[in-house]
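Please look over the model below. A short report on its two chains follows.

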Amino acid sequence: MAGQATILIVDDERDLVDAYMRLLERAGHRCLGAFDASEAIQLIDAESPDLVITDLSLPDTSGIEVVRHIRSKSKDTPVIVMSGHNTPELNEAAHAAGASMSLLKPVSIAVLRRVIAEALAPKARA
Amino acid sequence: MARNDLPKLTEHGALNHVSVVRSRPVRIALYYALGGLIWVAVSDRVLSLMPAHSYDLNRLMFVGVNALLLYLVANRYMKTIRISVAAREEALVRARGYFESSVEGIISADSNGMIRQLNPRGQELFGYHEMEIVGQPIEVLVPQRFRYRHEAHRSAFFTAPRSRMMGRGMEIAGRRKDGSEFPAEISLNVVHTHRGKLVIAFVTDITERRAMEREARRNETVDALAAVAAGIAHELNNPLAVMASRIELMLTSDQDLSAQTREDLLVLQKNIERASRISHNMLSLARQRPGVRQAVDMNVAVEDAILIVGADAKAGVLRYDTSLDLSLPPVMAEPTGVEQVLINFILNARDAGARVIRIETALAPSRAGYLQLTISDDGAGIESSVLPKLFQPFFTTKAKGTGLGLWLSQRIVQDHGGAITVESEKGKGTTFTILLPTMADSSSDLVTLPTADKRQAPPQVAAARSNQSGG
């Protein structure tokens, strides 16, 4: 177990954020939820999460802004972007902004767990 | 003008030359007459200067000069004729060459619409031998339903002939000897010969071009449909994700669930996964450009795909045999695309009632720089009549199929510079062979993102050489 990591989940689908938070809390993580980019940016500033999972289409602005914001603060915090559109343009934009990886929605819980474990693993080793 | 012996090398150059040769004797006769006239005048003068007793000498000279004049003129005439004949022969040989080797069918017909000649390509196109078609009306080569109209057009054409395309803007077709038809493009040309007008028609079989146009149109339709499908899939993603996560929450909660409830939730979970997969497929339809590529180990991809599908397999029916060449170089590919292709093939085999699915990887024996992946099953097999349609979009033999799996798989493989072939026998099973280019230098261009595809393969299939799992 990677132990107590603070994970920020950003998605405008409240039901989804809620479910992911509960699932990850059950795995022993501390979870934060945000439903739009500005809320996410506030939480990043206030809480410095260890991992950020963000949707790309958010009500106020693109999730890419969230990625940029976290990169402006930290070089190595893993950022996982989720998107309903798997277009190469979006993927490239997300990676250019500094996303660690991108997933196509809907992301199965199993995949999410594995990806989170992998993303947090190098940090635990360091 | 006199030296301009070589004819213009058009298809009717030889015919033009005939008239050139014909005009020459007249001119030569005129020269001779003129030469003779001058000689008579000159000789009259010469005679008057000569003594009266040299009459015999005079007569001799007169005959001699006349003979010389005749010889010169005849020689000139013969030379002209020889050059003309040689040039004419050459022109004929050339015209014959064009005619024989043309990639277009060439038909010539006289003003009564009777076929005079049909070149080899034309014979090939229409299925007639030249011997059996010459002398027949040109309408023999026209489909029945156009014949009446064609005759009217033909008469009109001969009253005011000019080179043009036939039936501009209309579908025109040629009729073969066996009654079948082919779409054609025909250009008409008129040639004037000493025996009257000839119409020369150039015929191109445009079956292939038509097929390409149809394909392009169908692709447009498919793209439009794909965009709609992707839009719907996108809207479905969030609700599906919410449902999947809630079910997961219930299944992993601490509360005791009754066995029935647990089973119900598992069924729900499985079906949501199925819906997600359909949705993913629909989304990939609209994909215009391939996504991020990275080095993919096909052996790992095969094992992953078996794991993903294997979990779904109805118990006891299915077994996987794998024979993996562990020394294979990686391919530069989009991991999700490769996974999707493999899953599609495994699901197809399963839907065909396969009991054993055999997957092999190896370096392609027939093609350097490619790896070969074969997926064989012992399922129902595919009717040979269906094989050509197998990769068409929306073609399916399954009651619940979308008809997109194989089409999509082929598109993905082709996007990666590969190819898919299929062999099947009804009742015996099917083998799909996928060829993919391997990476020339496996150390270059690696995308160093952590991804789901770099995970370790589970031990039961990892070191497989004719390994069996599932069952």
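Chain A averages a pLDDT of 84, and 90% of its residues score at least 70; pLDDT is the predictor's confidence in each residue, from 0 to 100. Among the elements of chain A, strand β1 (residues 6-10) has the highest mean pLDDT, 94. Helix α5 (residues 109-125) of chain A has the lowest, 75.

The model is predicted: local features need pLDDT of at least 70, side-chain atom pairs count only at pLDDT 80 or more, and totals for chains, interfaces and linings use all residues. Residues are numbered from 1 along each chain as its sequence is written, while chains are lettered from A and ligands numbered from 1 in the order in which they are written.

**The sheet of chain A**

Helices (H or I, at least four residues) and strands (E, at least two) are DSSP runs, numbered from the N terminus. Two strands pair if DSSP finds at least two bridges between them. Chain A holds an open sheet of five strands in the order β2-β1-β3-β4-β5, with parallel pairing. Strands β2 (30-34) and β5 of chain A stand at the edges. Each has a single partner strand, so one side of each is left without a neighbour in the sheet. On average, neighbouring strands of this sheet are turned by 20° against each other, direction ignored. Helix α1 (residues 14-26) of chain A packs on the sheet and touches β1 and β2 of chain A. The direction of α1(A) makes about 170° with that of β2(A). Axes are lines fitted to C-alpha atoms, for helices over the stretch in contact, and angles run from 0 to 180 degrees between N-to-C directions. Contact between two residues means C-beta atoms, placed from the backbone, within 7 Å.

**Strand β4 of chain A**

How many residues of strand β4 (residues 79-83) of chain A are buried? Five of the five are, so the strand is largely enclosed by the rest of the structure. A residue is buried if 20 or more other C-beta atoms lie within 10 Å of its own, exposed if 12 or fewer, and partly exposed in between; C-beta atoms are placed from the backbone. In a regular strand the side chains alternate between the two faces of the sheet. Both faces of β4(A) are covered: V79(A), V81(A) and S83(A) are buried on one side, I80(A) and M82(A) on the other.

Strand β4(A) runs parallel to β3(A) (residues 51-55), joined by four bridges. The chain crosses from β3(A) through helix α3 (residues 63-73) of chain A to β4(A), and this β-α-β crossover is right-handed. That is, with the strands pointing away from the viewer, the path from the first strand over the helix to the second runs clockwise. Four bridges also join β4(A) to the parallel strand β5(A) (residues 101-104).

Some facing residues:

| Residue | Opposite residue |
|---|---|
| I80(A) | M101(A) in β5(A) |

**Chain B**

Chain B has eleven helices and 14 strands. Of its 471 residues, 26% count as buried. Residue A305(B) lies in helix α8 (residues 298-310) of chain B. With 23 C-beta neighbours inside 10 Å, A305(B) counts as buried.
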